[in-house]
Amino acid sequence: MGSLNIEKLRSETPGCKNVVHFNNAGAALPPLAVTNSMKEHLELEASIGGYEAAQAAVDKSEKIYDLAAKLINCDREEIAFVENATRAWDMAFYSLKFNKGDRIITAMSEYASNYLAFLHCAKHTGAVIDVVENDSFGQLDVGDLKNKINDKVKLIAITHIPTQGGLVNPAEEVGKIAKENNILYLLDTTQSVGQMPIDVKKIGCNFLCATGRKYLRGPRGTGFLYASKEILDQCDPPFIDLHSATWVSDNDYILNSSAHRFETWEQNITGKIGLGVAIDYALKLGLEKIWERIQFLSDYFRQQLSEIPAIELHDLGVNKCGIVTFTFKGKKVGEIQQYLSKRKINVSISLEEYARLDLSARHLPALVRASVHYYNTEEEIKTFCEAIKSMLNT
Ligand SMILES: Cc1ncc(COP(=O)(O)O)c(C=O)c1O
């Protein structure tokens, strides 16, 4: 397996000339191919009309289903194109019916929006949320998950890579337990799709949500849902329209038999085309290679940061991903972000309310999040560390 040609990849990423971008877990820099495909479609819309442009570009926009299916190893009928990962996740979650006493199992690192939906569901239905403990590495404890299984468990819903750190939860082991016990499994892969190889057959999840703008390097306002065909019939979407369902008689309708039952008629065609190009770009590079490079860079990043005395690293887990989190003694995270931003270095901040169970248990109200992608370099990491060191003297 040859390695990635980083120089070429950077030359295809105009943003690399302007910024040191360590906010890939927020939104990565897109490759030129993505931006150009979208500009082209916007121009076509302006020149011949939106509906007419959609018709003319239908082959390009439809590719998203085949490409997303190839990316995660499923069938195109199992993919719904939606606006973002939250909408994908919500469409899956709210399509399930919970009764009083039904249990939803999740993990300590769960993302805020997902946990809010559990709370919302618990409030309205009387369902109960069960949180699996962490193991000694800070990952979801598979033994504790097994202990929590009983015939009231309706759903296991966890986050693969959380927003707030380098942790990678053991998604496949969870899938085995879900399958053995015939329990539905919803996996949030917002931060892992595009960062590492994802195979829904190996993982064994029934649903998966993904977003376009993060590790896939696609456009904002795009995402997709995977819903396995075995469970589609059990899914009653929370709302429907004339695309997700057909009005067959005055008093009746039938739901679309594919995952399109989770879509709406009106769609961001430009985004659909751009996301397809982004997935194609990732597939051509190879997800194994991308993952290898991201792990190499983030290990190097953690090692460099660990040599700065005022820095405390906070990433959990056994095999860590591209999200590097830290605090800096005596400095507020907002100050650090601003200081770096003035030097054209982008990072983001994770606040307690983004992942309350995890961050409050670790007494971490806020973290700096520096997330690497394959197009980042060791030189950029050195520049980052020099900037952090120079902040020590301010
Ligand atoms: C783990 C995780 N899940 C879900 C989301 C929400 O994704 P989106 O903003 O595309 O809805 C995020 C966003 O940061 C995330 O990190």
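Reply: What follows begins with the ligand and then turns to the domains and the cores.

This is a predicted model, in which local features need pLDDT of at least 70 and side-chain atom pairs count only at pLDDT 80 or more, while totals for chains, interfaces and linings use all residues. Residues are numbered from 1 along each chain as its sequence is written, and side-chain values use heavy atoms, with hydrogens and water left out.

Around the ligand there are 13 residues, of which Thr86, Asp188, Gln191, Thr211 and Arg213 come nearest; a residue is counted here if one of its heavy atoms lies within 4 Å of the ligand. In the side chain of aspartate 188, an N or O atom is 2.6 Å from a nitrogen atom of the ligand. Two further side chains face oxygen: an N or O atom of glutamine 191 is 3.0 Å from an oxygen atom of the ligand, and a polar side-chain atom of arginine 213 lies 2.8 Å from an oxygen atom of the ligand. The ligand taken alone exposes 390 Å², and the protein buries 91% of that, the areas coming from the Shrake-Rupley method with a 1.4 Å probe.

The largest nonpolar core has 90 residues, and among the members that touch the most others are Phe22, Ile156 and Tyr185. Such a core is a set of buried Ala, Val, Leu, Ile, Met, Phe, Trp, Tyr and Cys residues joined through side-chain atoms within 4.5 Å, where buried means under 20% relative accessible area, exposed over 50%, and partly exposed in between, with a 1.4 Å probe and protein chains only. This core draws at least three residues from each of domain 1 and domain 2. Apart from it lies another core, of 31 residues, which includes Leu96 and Leu186.

Tyrosine 185 itself, leaving aside residues up to four places away in sequence, touches residues including Leu155, Ile156, Val174 and Phe207.

Methods. Domain bounds come from an automatic or database domain assignment. Contact means heavy atoms within 4.5 Å. A polar contact is a pair of N or O atoms within 3.5 Å; within protein, one must be able to donate a hydrogen and the other to accept it, and residues adjacent in sequence count only if both atoms are side-chain atoms.
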